[in-house]
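Reader: I am new to this structure. Could you take me through it in short steps?

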Amino acid sequence: MNEQRSKSRRSGGREARRAERARPPEIRAVGPGQLGGSFRPLSVADMDKVHHAVLDILEGIGMAQPIASCVAALQAVGARLSENGRLLFPRAMVEDMLARIPRDLVLHGRDARHDMQLSGRRVHFGTAGAAVHLVDLDSGAYRDSTLRDLYDIARLVDTRENIHFFQRSVVARDLEDPFEMDLNTCYAAVAGTSKHIGTAFTTPEAVHATVDMLDMIAGGEGAFAARPFVSMSCCFVVPPLRFAEDACRCLEAGVARGMPILLLSAGQAGATSPAALAGSLAQAVAEVIAGTLYVNALKPGHPTIFGTWPFVSDLRTGAMSGGSGEQALLAAAAAQMAGYYGLPNGVAAGMADAKIPDAQSGYEKGYTTALAGLAGANLVYEAAGMHASLLGAAFESYVIDDDMLGAVLRCVRGIEVNDDTLSVRTMRGVVDGPVHYLGDDQTLALMQREYTYPALGDRASPSDWADAGALDIRERARRLAREILGSHYPAHIDPETDARIRAHFPIRLPRAAMRAGGRDGP
């Protein structure tokens, strides 16, 4: 009888511990803003060499095709125009202006819980991409992406803990007018998520109209600029070393309206930048520094994100290779160089060459996002959902990649070494006592603070997996994506404001698409 009671007590304790472990975590092991920087593909001497090459490029080669307002602003702070029309940046001017640029930046979410502090090497993961195709959730076939798809992806991202911001990831190909596309892209994103949003523009008129709409959402004229929860993704440069005229006009409109600017250089090694990885990096850094000086000449201290996105070509074909090892190294090196200057920054990683979320997709996304995070990039764009080197996206990949990014963030966090975590006292207690490690108080205390657990990744035994239907991760992700899209319809724009927006602007996302059971309609 005593033996039975003893077994019962032990069993009850074991069941209680299992129940404790199964409870939802009150403290998560990872979150936005983990400190990276442990991976450093460039030495200090390497970074110095890149920096001096950048100064040579800006002073001796400069930037072509600056618009008149760009020339005026930069000449006023020390740039000069060469005889062949290139804008040149003297070394002293570059170093003096870089020294005066603010190093801290907060990117706001519509909901303050999603504010992101971009200082030092704090790491955040998010989306981007501008894919023109989407893998249909039901058929599995590629098709053109739509405005409804963009809204649905934003709703998915709104529920994912390890995707910290949302930048436009697919193009609304059902909208032909560029103005309407720009306006509706931002509307669909804001309606779908309360996280920080990135969007792009084709005309200054679209910038002004969109900020007017954002003022309405934020509470009145000037309210958006007081707490800007949308940033502009601006490809202000056409590599190699040439300003993009239309994009520069949008940039100036964004600066005037208080919108943070992601300054993007996206040269492709072997095509629009040198095939040598160091040369591709140096060109990208030079181009983005030129953009940073441009913005600060227009408005000193205006919030900018240092967006060096040097891409890679498969030199056998000339096609972009977003999932390559070279791409992973370049993204990490770009993060390092932004850290060298101490500037808030973003890089691109996670752009699988694979067309669907398969094994190739997994390994390409895994090492590219991990190296970018470990290198300390403040913002890692393209980190979820993207395929076919940015030509495609897949709904199920957003939930799969969220799982992956939780593990990547845990890698970024690293191992904490102190007297408690070295666990000598715990070892002595287990060796000398009746308790094993699984039942030890330290294990219970650390199981949520120290460990991450996949939402989709399978850790069951083969027999349990078979009993549950033998589903692979893609099918599990499809089911989860369908569940979210069938139930999560957030009210991030209240009905009265939405009605006023629709009365003032040509909003093309049907109201019926924004509620459960909705179909196409007015």
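Reader: Is G322 buried or exposed?
Author: This is a predicted model. G322 sits in the loop between β15 (311-312) and α11. Buried means under 20% relative accessible area. G322 has a relative accessible area of 0%, so G322 counts as buried.

Reader: Which residues does G322 touch, leaving out those up to four places away in sequence?
Author: G322 belongs to the loop between β15 and α11. With residues up to four places away in sequence set aside, its contacts are Q327, M351, D353, T368 and S389.

Reader: How far apart are the C-alpha atoms of G322 and G60?
Author: Along the chain, 262 residues separate G322 and G60.

Reader: What length does helix α2 reach from its first C-alpha to its last?
Author: Helix α2 covers residues 44-61, which is 18 residues. At 1.5 Å a residue, 26 Å is expected. The span in the model is close to that, at 25 Å.

Reader: Why do the buried residues of α2 line one face of the helix?
Author: The buried residues of α2 are M47, V50, H51, V54, L55, I57 and L58. An α-helix has 3.6 residues a turn, so residues three or four places apart point the same way. Seen down the axis of α2, the buried residues line one face because they fall within an arc of 160°.

Reader: Which exposed residues does the face of α2 turned away from its buried side carry?
Author: Exposed means over 50% relative accessible area. On the face of α2 turned away from the buried side, the exposed residues are K49 and G60.

Reader: Which elements do the buried residues of α2 pack against?
Author: The buried side of α2 includes M47 and L58. Its buried residues pack against β3 (87-88), α4 (91-100), α10 (277-298) and α11 (325-341).

Reader: What covers the buried residues of helix α3?
Author: Helix α3 spans residues 68-75. Its buried residues are C70, V71, A73 and L74. Their cover includes β2 (80-81), β3, α4, α9 and α10.

Reader: How does L277 count by its relative accessibility?
Author: L277 is found in helix α10. It touches E326 and L330, not counting residues up to four places away in sequence. Values between 20% and 50% fall in the middle class. L277 has 30% relative accessibility, so it counts as partly exposed.

Reader: Is D149 buried or exposed?
Author: D149 lies in helix α5 (residues 147-158). Beyond four places in sequence, D149 touches L134, R143, D144, V170 and F395. Its relative accessible area is 4%, so D149 is buried.

Reader: Which elements give two or more residues to the lining of the largest pocket?
Author: The largest pocket has a volume of about 530 Å³. Its lining has 25 residues, and G129, A130, R168, C235 and L264 lie nearest the centre. The elements that give two or more residues to this lining are α6 (178-192), β11 (230-234) and α9 (245-256).

Reader: How many charged residues are in the lining of the second largest pocket?
Author: The second largest pocket holds about 460 Å³ of space. It is lined by 23 residues, with R28, T452, Y453, P454 and A455 nearest its centre. The lining divides into 10 nonpolar and 6 polar residues, and the charged ones number 7.

Key:
Residues numbered from 1 in each chain as written. Predicted model: local features only at pLDDT ≥ 70, side-chain atom pairs only at ≥ 80, totals over all residues. Heavy atoms only, no water. 1 Å grid on protein atoms, 1.4 Å probe; cavity = no way out; pocket = protein on both sides within 12 Å on 5 of 7 lines; lining within 4 Å. Points joined across faces, edges and corners; volume = space filled by probe spheres on them. Helix = DSSP H or I, 4+ residues; strand = E, 2+ residues; numbered from the N terminus. Nonpolar A, V, L, I, M, F, W, Y, C, P; charged D, E, K, R; others polar. Expected span 1.5 Å × (residues − 1). Buried < 20%, exposed > 50% of the residue type's maximum accessible area, 1.4 Å probe, protein only. Arc of directions from axis to C-beta. Contact = heavy atoms within 4.5 Å.
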